[in-house]
Amino acid sequence: MTQLPYLNLRPHTAATTGSSRGKAAMSAALIPLTIAPFAAGTLNPVMDAILCAGIIIHSHIGFQSVIIDYVPDKRLPKTRAMFWWGLRAATLLVAVGFFEFETNDVGLTEAIKRIWTAKRKGDTSMEPVLRGVA
């Protein structure tokens, strides 16, 4: 296969399809992880930790794909290395932030539940804020 200049056109191999399946599985796993705590009616730290880990991994893989697609290694090796280290630092920062929020505050699912059922200031109706939005 002849490569065009500045384009990385690789044929699909077993390795790329396997990683694509892993990314799709991670994305699909977030759906039940997001719904389960609210559907079951129980909010526990283990479920919060699994959800936070899933969000962090999903986001890291997504931004990693953006770097791979839009920062070419052959033309911009130093820039790409800078982006890789920036992604690692951002992922670590988000993980520490989630950990702090989980251990020193109410946790992710409880915060989402409180936001979802919050009332507007001065509103006397029983309708939650987000459910009333069209």
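In this predicted model, Ile67 is in contact with Arg80, Phe83, Trp84 and Leu87, leaving aside its neighbours within four places in sequence. Ile67 lies in helix α2. Its relative accessibility is 7%, and buried means under 20%, so Ile67 counts as buried. Ile67 and Leu87 are 20 residues apart along the chain, and their C-alpha atoms are separated by 9.0 Å.

Two packed helices are described by the angle between their axes and the distance between the axes. Here, helix α2 (residues 45-70) packs with helix α3 (residues 77-104) at an angle of about 165 degrees, and the axes are 10 Å apart. Angles over 145 degrees count as roughly antiparallel, which is why α2 is described as roughly antiparallel to α3. The crossing of α2 past α3 is right-handed.

On the α2 side, the contact is made by Asp48, Cys52, Ile55, Ile56, His60, Phe63, Gln64, Ile67 and Ile68. On the α3 side, the residues are Arg80, Phe83, Trp84, Leu87, Thr91, Val94, Ala95, Phe98 and Glu102. Sorted by class, this contact of α2 with α3 has twelve nonpolar, three polar and three charged residues.

Cys52 leads on to the core. Not counting residues up to four places away in sequence, Cys52 touches Phe98, Glu102 and Leu108. In soluble globular proteins, nonpolar side chains tend to be buried together. The largest nonpolar core in this model consists of eight residues: Met26, Leu30, Leu33, Leu51, Cys52, Ile56, Phe98 and Leu108. Helices α1 (14-40) and α2 are the elements that give two or more residues to this core.

Definitions and conventions:
Residues numbered from 1 in each chain as written. Predicted model: local features only at pLDDT ≥ 70, side-chain atom pairs only at ≥ 80, totals over all residues. Heavy atoms only, no water. Axes fitted to C-alpha atoms, helices over the stretch in contact; angles between N-to-C directions. Helix = DSSP H or I, 4+ residues; strand = E, 2+ residues; numbered from the N terminus. Parallel < 35°, antiparallel > 145°, perpendicular 65-115°, else oblique. Left-handed = near helix turned anticlockwise from the far one by under 90°. Contact = heavy atoms within 4.5 Å. Nonpolar A, V, L, I, M, F, W, Y, C, P; charged D, E, K, R; others polar. Core = buried A, V, L, I, M, F, W, Y, C linked by side-chain atoms within 4.5 Å. Buried < 20%, exposed > 50% of the residue type's maximum accessible area, 1.4 Å probe, protein only.
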